[in-house]
Amino acid sequence: MRSTELGPNQDLIGRRGSRKLLNAPALILDLDAFERNMARMSDSVQRNGLLLRPHAKAHKSANVARRQVAAGAVGISCANLDEAEVVADAGVESILVTSPVGGPAGIERLVGLAARVPDVIATVDDAGYVEALASHAAQMGASLRVLIDVDVGQHRTGVVDVQGVVDLARRVKATDALRYSGLQAYYGHLQHVPAYADRRVVVHRALEKLRLVTQALNSAGLPPEIVSGGGTGTFSIDADARVHTELQPGSYLFMDRQYAAVELTPEHHSPFEQSLFVQTIVVSVNQPDLAVVLGGWKAFATEADVPVVARGAPADTRYRFMGDEHGGLALPAGSAPLAVGAVVELVPPHCDPTVNLFSRFHCVRGDDLVDIWPIEARGY
Ligand SMILES: Cc1ncc(COP(=O)(O)O)c(C=O)c1O
């Protein structure tokens with residue numbers, strides 16, 4: 001019989017050798033690597049005297065958020081209200097929503113969250129939005145902390161000019177229901193600059209703007225208590241620069257093909273290991289030099305190149321998308337062919353949108369499935 005919350009593989013939990021028996025495609029989380037990644041980021045940020053508010057946009061999971069807080073995170077960052085509500089249900093007491101949430105429906109949910117979570121922090125970049133948020137919060141008798149989102153070069157959300165940030169901070173300060181608490185500054189466009197030295201140069205350029213904004217706020221009597229931002233690609237540069245007070249990386253838990261190509265530290269070695277895989281199975285081998293697997297556009301994010309083989313086939317096997325459900329594996333010349341039923345695990349090109357395609361993490365230690373965690377906030 002199929003599907004409960006834990007899905008068709010739940011009877012395999014705790015069975016020796018069960019990793020290769022999963023129904024495919026399945027999202028695999030290697031718990032040993034995941035735990036090492038979590039501890040390494042936590043240690044590194046704390047050693048540098050900053051706070052860690054990791055981003056739930058990568059995992060969208062109550063279980064993971066709880067573990068991050070237990071490992072020392074000051075709270076959790078969320079990209080949207082679905083994530084924030086799941087994280088609130090997990091018992092996390094300080095939640096930053098890193099993007100403005102738009103019109104009345106979003107504002108109502110955000111204020112509703114503030115009514116049940118001790119510390120909800122909203123980000124704002126627009127005067128009309130501030131008025132609407134303040135007025136609804138006041139009506140509901142709720143109170144929220146607020147960060148002014150600063151555009152540090154990504155040109156997505158955020159106030160663009162320095163005076164605009166000061167003006168908006170003043171507006172927030174003047175409301176009864178909103179408590180001005182500082183800044184958010186996230187440079188997503190710099191996270192994947194491959195060479196550490198190049199990335200450091202462009203990050204420091206962006207931080208110059210953040211320093212100017214901070215000085216202007218200090219002069220206006222509005223010193224930021226929180227400066228939140230940063231990601232996996234910039235964590236070590238941000239930790240050295242100490243312009244931020246807290247960092248919000250997400251991908252470090254899992255890693256992916258994109259981040260494997262980025263030198264994350266000056267020593268040019270990654271402190272983070274690949275912990276996330278998509279397990280596929282060969283279902284057809286009738287075409288010359290091609291093994292067709294279950295796992296196509298519905299199993300991988302497609303905007304960042306193709307997956308690469310982690311185990312079950314030679315490392316230089318080439319994957320290609322072959323439709324919604326299927327992919328093709330072209331093995332290197334001279335390698336032994338794969339038979340129907342062969343299990344192949346692949347590294348996703350981009351972790352966040354890949355996780356968003358699956359309902360659960362299949363947690364493994366070595367060859368054994370040891371747990372299954374729902375991905376409660378997947379999809380919209
Ligand atoms: C606002 C914000 N903060 C933090 C992150 C985390 O970045 P990463 O997954 O590169 O660690 C993201 C990712 O897109 C983001 O949008």
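The model I am reading is predicted.

**Entry 1: the ligand.** I looked up what stands around the ligand and found 16 residues. The closest are Gly231, Thr232, Pro249, Gly250 and Ser251. I then sorted the shell by residue type: eleven are polar, four are nonpolar and one is charged.

**Entry 2: the core.** I turned to the largest nonpolar core, which has 113 residues. Which members touch the most others? They are Val87 and Ile95. Helix H7, residues 196–219, gives the most to this core, with six residues. Domain 1 (10–29 + 271–374) and domain 2 (31–255) both give residues to the core, so it lies between them.

**Entry 3: valine 87.** I listed the contacts of valine 87, leaving out its neighbours within four places in sequence. The list holds Ala56, Ala62, Ala65, Ile76, Cys78, Val92 and Ile95.

**Entry 4: leucine 183.** I found leucine 183 in strand S7, which covers residues 178–185. Is leucine 183 buried or exposed? I noted 27 C-beta neighbours inside 10 Å. A residue is buried at 20 or more, so leucine 183 counts as buried. Leaving aside neighbours within four places in sequence, I have leucine 183 in contact with Leu147, Ile148, Val150, Val213, Pro224 and Val227. I also looked up valine 124, which is 59 residues from leucine 183 along the chain. The C-alpha atoms of leucine 183 and valine 124 are separated by 9.4 Å.

Note on methods:
Residues are numbered from 1 along each chain as its sequence is written. This is a predicted model: local features need pLDDT of at least 70, side-chain atom pairs count only at pLDDT 80 or more; totals for chains, interfaces and linings use all residues. A nonpolar core is a set of buried Ala, Val, Leu, Ile, Met, Phe, Trp, Tyr and Cys residues joined through C-beta atoms within 7 Å. A residue is buried if 20 or more other C-beta atoms lie within 10 Å of its own, exposed if 12 or fewer, and partly exposed in between; C-beta atoms are placed from the backbone. Helices (H or I, at least four residues) and strands (E, at least two) are DSSP runs, numbered from the N terminus. Domain bounds come from an automatic or database domain assignment. Two residues are in contact if their C-beta atoms, placed from the backbone, lie within 7 Å. A residue is near a molecule or strand if its C-beta atom, placed from the backbone, lies within 6 Å of it. Ala, Val, Leu, Ile, Met, Phe, Trp, Tyr, Cys and Pro count as nonpolar, Asp, Glu, Lys and Arg as charged, and the others, Gly among them, as polar.
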